[in-house]
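Welcome! Let's take a walk through this structure together, one stop at a time.

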Amino acid sequence: MKWNKLLSKQRIGKEKSDYADKDRSEFQRDFDRIIFSSAFRRLQDKTQVFPLSRSDYVRTRLTHSLETSSVGRSLGNMVGSRLVEKYPDLDLIPSEPGTVVATACLAHDIGNPPFGHSGEDVIRDWFQTSEIGSELCPMVDEKHRNDFIWFEGNAQGLRNILALQRPYSKGGMQLTCAALAAFTKYPYVSGHIKDKKKFGVFASEAEIYAEVAEHLGLIELEEKKWVRHPFAYLVEAADDICYHVIDIEDGHRLDLISFDELRSIFLDILDNKTDIIERVDRIPGKKEQVEYLRACTINALVESSCGVFFDHEQDILAGEFNSSLTEEIGKAKEFSKLKKIAIEKVYNSTEVIETEAAAYEVLWKILDFLGRIVIEMHTKGKLGAKCKKSVKLLPELYAPSAEATVYQNTQKIVDYVSGMTDTFAVRTFNKISGISLLRR
């Protein structure tokens, strides 16, 4: 792959850019489009780790995305400066890779359903094991079923960008090809993936992503399966760093991890420990000490990840790099320990598990409610009295219709559920269960 093509500013749905502004680049426009999208705004009430937390400190998907975007910009800027130095003939402003990576990081979670990763599990499980889901799934043509039985928030995010935001235009938000590919962590189409392997493109967006790949010169490994854009590795690293380093900090704030353990975890990743310890000991207050150590840890991981990126640049461009940047850093073992502790003490804490179990019931009930509409529409040719009333509760974009296929109508209800915030999902559950009537 060639850098000059990989940095394409081509927008899907447009022959050429109709925009000229010396003060705002094409890639900055991408960033602004994500910021002002409704899908991004809804992240303020979506779970990062602690669903419906009573604490006003712990992060939501919105704060996580903003922090990941900040780290991604730093990482992208470092890479951009070195690319310009290494390839002086490349038509590139050093800050542009930072903007592309920051945009992709900003958007990387906009397809996630409510209640964190457990929301993805519910959707998959519902289609595979529930009575209504098991009846609906075989009605969908086989080449499209993976969209549902192995539902992926990554692919839903790409669908949000390409189809659900600004649905009246080809390419939806019409981001640049570079930003779209940097966003796509798994550039594989669902119908060409077997079993539980990750994918990042639903069948409905397969053709449009093929167009993105062609513009950028992405290598096609197999039919509908491409290598990653190099910047996707930077987005992954930024997310990995924020996900584990900052979630550990949240765990400490909720008394799941002690100060001494947290201090030890961070110091293990850092060099120049003596200087850092002396600085930390001069900072009054443990909260402020933790914040300083966290900042030092993130900076060290960003610099290391940038180094790994250029150590493996040619393998990445050839589509032969099969690892993540954070798995190849010098402190990979120490970072892996951090991730292990996050899983044991934060992600599997009682607070998280209890709320996720309740969330399972919430989303399952909503999917039953919506799935019945699609089944009646396509088996009876008309809706019964209950489903007639139910379908009126849905916004027009998400309401199943007689003109659409089973696949399209099933997508609509999944689009609706995955777009819900945590609070809206609970409110919807209460309404369709009749619980909210008792509270009036």
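Which residues does glutamate 152 touch, not counting those up to four places away in sequence? In this predicted model, the list consists of Glu120, Arg124, Lys198, Phe199 and Phe202. To find glutamate 152 yourself, look in the loop between helix 8 (146–149) and helix 9 (153–164). With a relative accessibility of 3%, glutamate 152 counts as buried, because the cut-off for that word is under 20%.

Two packed helices are described by the angle between their axes and the distance between the axes. For helix 9 and helix 20 (residues 406–419), the angle is about 110° and the axes are 12 Å apart. The two helices, helix 9 and helix 20, are therefore roughly perpendicular to each other. On the helix 9 side, Gln156, Arg159 and Leu164 take part, and they meet Gln411, Val414, Asp415 and Ser418 of helix 20. Sorted by class, this contact holds two nonpolar, three polar and two charged residues.

Our last stop is the interior. In soluble globular proteins, nonpolar side chains tend to be buried together. Here the largest nonpolar core has 92 residues, and Leu218 and Phe231 have the most contacts inside it. Beyond its neighbours within four places in sequence, phenylalanine 231 is in contact with Trp3, Leu7, Val79, Leu83, Pro97, Val100, Val101 and Ala182.

Conventions. Residues are numbered from 1 along each chain as its sequence is written. This is a predicted model: local features need pLDDT of at least 70, side-chain atom pairs count only at pLDDT 80 or more; totals for chains, interfaces and linings use all residues. Side-chain values use heavy atoms; hydrogens and water are left out. Helices (H or I, at least four residues) and strands (E, at least two) are DSSP runs, numbered from the N terminus. Buried means under 20% relative accessible area, exposed over 50%, partly exposed in between (1.4 Å probe, protein chains only). Contact means heavy atoms within 4.5 Å. A nonpolar core is a set of buried Ala, Val, Leu, Ile, Met, Phe, Trp, Tyr and Cys residues joined through side-chain atoms within 4.5 Å. Axes are lines fitted to C-alpha atoms, for helices over the stretch in contact, and angles run from 0 to 180 degrees between N-to-C directions. Angles under 35 degrees count as roughly parallel, over 145 as roughly antiparallel, 65 to 115 as roughly perpendicular and the rest as oblique. Ala, Val, Leu, Ile, Met, Phe, Trp, Tyr, Cys and Pro count as nonpolar, Asp, Glu, Lys and Arg as charged, and the others, Gly among them, as polar.
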